[in-house]
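Thanks for coming. I will go through one structure today, piece by piece, and then stop.

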Amino acid sequence: MSMAAEERSARAPWALTAPALMLFVGVLLIPLAMTVMLSFHDWGQYKGIEPVFILKNWHEIATDPYYAEMFWRTFRIAILTTLLTALLGAPEAYILNRMSGRWKSFFLLVILGPLLISVVARTLGWALLFGGNNGLVNKLLMSLGAIRSPIPFMFTETGMVVALAHVMMPFMVLSVWAALQRLDPQIENAAMSLGASPATIIRRIIMPQIMPGVLSGAIIVFSLSASAFATPAIIGGRRLKVAATLAYDEFLNTLNWPLGAAVATLLLVALVLIVVGSNALIERRYAEVFR
Amino acid sequence: MAYLELDRVAKQFGAQTVVDDFSLSVGKGEFISFLGPSGCGKTTTLQMIAGFLDPTRGAIRLEGKDLTAVHPAKRGLGIVFQSYALFPHMTAAENVAFGLEMRNVSRNERTERVRAALAMVGLAGYEDRHPRRMSGGQQQRVALARALVIKPSVLLLDEPLSNLDAKLREEMQIELRQIQRTIGTTTILVTHDQNEAMSLSDRIVVMSQGKIEQIGTPQETYEKPASAFVSQFLGKTNDFAAMIDRTAAAAKLVAGSWSAPAPAGLNGAVTVSVRPERIGFGDAGLTAKIVTRIFQGNHWLFQCESECGPAIVIRQNDGQAQPAEGEAVRLSWRPEDMSVRARAVA
């Protein structure tokens, strides 16, 4: 091969990935860098954004307990959502995996179906069922005399967790499902022949092996729930804000872009740290299962 | 009395009969092989003994007690699976200890028995390895140790050696036989490999399409195959169309220009089966021409075209001159080296 051809083939990968790379840099990296920069700018009610370097916004976030409460709430909701999806999703995937062919594909479709519907539509569905006095379920239960006042759902953390868990469930089920596919089909028989009861088989043999799937599902669900916007915006509205809706309000209502940028940046950094950190932990803990 | 007894066992999946009318009694300490091509029902039979499948009809008894009424977890059988089905999240020692743990064996005794079991299969020092860090042969040994450590009443082996390469498979065969002889566990092996079945077992159960074709010692099944299926499945064989001629004073069995005194009880069209290593080149017998001659070290393999169809002949490489390709020869064999079956004439 000639020198020129060698040079050309060395350049080829770069040339071939250039379009995608440019898109990536143009629509993700540059805006991200600008957002980070924006968070150090100054803002005033009458002067607008001033491109100077100050730590005002960061200082405000660090000292005002309002922001601490907001972030604490965001992560509390995300953690509870993750727990709920894991508790319901893992058994769901296991049952699904044990079903026979035709039922399996049917129920897989049922589980994945929600992904085809807009998050807004799904969340509004919850609002229609439980929203105050006019919610369908509340109305029914009240007219039956089962409850006196409507079940509080809108503007509550419980409501947000339930709605988010519904939205996120497919990610957990798919993740556990993928782990179940890797199981040796005879492994349960092997454990049974050694004298293990069904409960022991699940606890000692199945659970440890699908744990990596549960945990990677948990990472997906956690990061998506912590940064979710549509569901908290509809269920929580202005009364129960989380980090994502807070940043949105700073940008579009208060018009304090630098503060909004600081909130968004902090959310991003916190999420990246949590996800990367827990991923490293999981991979080390389950090195033998992952191979 | 039979130790393990299968009495007219059958298994149906929907309208399809996978195992039919399977009767077998296994003596204590015996090594039995279920041999047959894939889909012959051998694994299904094994799974019925293990309890993963329930027989549609028939009974399975262990020491006279009905085994099908016992939950698979309580049968106390040791099973080695084709895929080994080791627990990947446990070390070799933890894998082997699992069955003992389920039996509430004390920690000290458990450690001791696990160590002994791993040493028996030649894996002393591998206690803390995880299965995925072991070779196929080592995983196989862990699976065997795990099945044996619980002192099973019967050891069931489901194609345990089929994932190993040829050399390792041979080593494991010898080792498996030695271990089985030493501890004397009644063993049932499922395999499609005739060499494996012959070198390991006391008796072979040859199966085809859900039915037993023949039960016998390796020699019996090889030397006196009960059906065309058995003779073709176990090793190479030559089938020649022949006739029994009872018109002459001494009844004769005739195949082309070869003939012998007729065996009793048969008449008309028959098939004569002869193993390739039992055919010799002589001055009389079936006329044939050698098509190819292949040298295989300790023996020669001849493919011939005889007057009764193609024939394979194997001769020991004993230093004597052998016929060349294209040479005309006469094939003959001793009457005791053949088996004769009635042949349906179309």
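**Two chains, one predicted model**

Let me start with chain B: counting contacts between residues at least 6 apart in sequence, 64% join residues at least 24 apart. Please keep in mind that this is a predicted model.

Staying with chain B, there are 8 helices and 20 strands. Its C-alpha atoms fill a box of roughly 80 × 45 × 35 Å along the principal axes. Of its 346 residues, 39% count as buried.

How is chain B divided? There is domain 1, residues 4-232, and domain 2, residues 236-342. Taken over C-alpha atoms, the centres of domain 1 and domain 2 of chain B are separated by 39 Å. The contact between them takes 5 residues from domain 1 of chain B and 6 residues from domain 2 of chain B. On the domain 1 side, those residues are 2 nonpolar, 2 polar and 1 charged.

UniProt, in an unreviewed entry, puts the annotation "domain: ABC transporter" on residues 4-234 of chain B. That stretch is 36% helix and 26% strand, and its end C-alpha atoms are 26 Å apart.

Now some local detail in chain B. Just after H1(B) comes Gly51(B), with a positive phi of about 100°.

Most residues other than glycine have a negative phi. Asp21(B) has a phi near 55°, which is positive, and Ala85(B) has a phi near 50°, also positive. Where do we find Asp21(B)? Asp21(B) sits in strand S2 of chain B, residues 16-26. Ala85(B) is in the loop between strand S6 (78-80) and helix H2 (92-102) of chain B.

On to chain A. The unreviewed UniProt entry marks residues 71-278 of chain A as "domain: ABC transmembrane type-1". This span is 76% helix and 0% strand, and its end C-alpha atoms lie 19 Å apart. The annotation "transmembrane region", again from an unreviewed UniProt entry, covers several stretches of chain A, including 12-34 and 255-282. Residues 12-34 of chain A are 100% helix and 0% strand, with end C-alpha atoms 31 Å apart. Residues 255-282 of chain A are 93% helix and 0% strand, with end C-alpha atoms 41 Å apart.

Is helix H4 of chain A buried or in the open? Of the 12 residues of H4(A), 0 are buried, so the helix lies largely in the open. H4(A) covers residues 101-112 and reaches 17 Å from its first C-alpha to its last, close to the 16 Å expected at 1.5 Å a residue.

Arg98(A) belongs to helix H3 of chain A, residues 65-98. Arg98(A) has 11 C-beta neighbours inside 10 Å, and so counts as exposed. Between Arg98(A) and Asp249(A) there are 151 residues in sequence and 47 Å in space, C-alpha to C-alpha.

Next, the nonpolar cores. The largest one has 118 residues, and those that touch the most other members include Leu164(A), Val176(A), Val96(B) and Leu118(B). Helix H7 of chain A, residues 157-181, gives the largest share of this core, 14 residues. Leaving aside neighbours within four places in sequence, Leu164(A) is in contact with Ile77(A), Thr81(A), Ser225(A), Ala228(A) and Thr231(A). Apart from this core lies another, of 22 residues, among them Ile279(B), Phe302(B), Ala311(B) and Trp333(B).

Last, the place where the chains meet. How many residues of chain A are in contact with chain B? The count is 17 residues of chain A, in contact with 19 residues of chain B. On the chain A side, the elements that give two or more residues are helix H8 (187-193), helix H9 (198-226) and helix H13 (287-290). The largest share, 5 residues, comes from H8(A). By class, the chain A side has 8 nonpolar, 6 polar and 3 charged residues.

That is where I stop.

Methods. Residues are numbered from 1 along each chain as its sequence is written. Chains are lettered from A and ligands numbered from 1 in the order in which they are written. This is a predicted model: local features need pLDDT of at least 70, side-chain atom pairs count only at pLDDT 80 or more; totals for chains, interfaces and linings use all residues. UniProt positions are given in the numbering used here, feature names are shortened, and annotations may be inferred rather than shown by experiment. Helices (H or I, at least four residues) and strands (E, at least two) are DSSP runs, numbered from the N terminus. Two residues are in contact if their C-beta atoms, placed from the backbone, lie within 7 Å. Ala, Val, Leu, Ile, Met, Phe, Trp, Tyr, Cys and Pro count as nonpolar, Asp, Glu, Lys and Arg as charged, and the others, Gly among them, as polar. Domain bounds come from an automatic or database domain assignment. The expected span of a helix is 1.5 Å times one less than its number of residues. A residue is buried if 20 or more other C-beta atoms lie within 10 Å of its own, exposed if 12 or fewer, and partly exposed in between; C-beta atoms are placed from the backbone. A nonpolar core is a set of buried Ala, Val, Leu, Ile, Met, Phe, Trp, Tyr and Cys residues joined through C-beta atoms within 7 Å.
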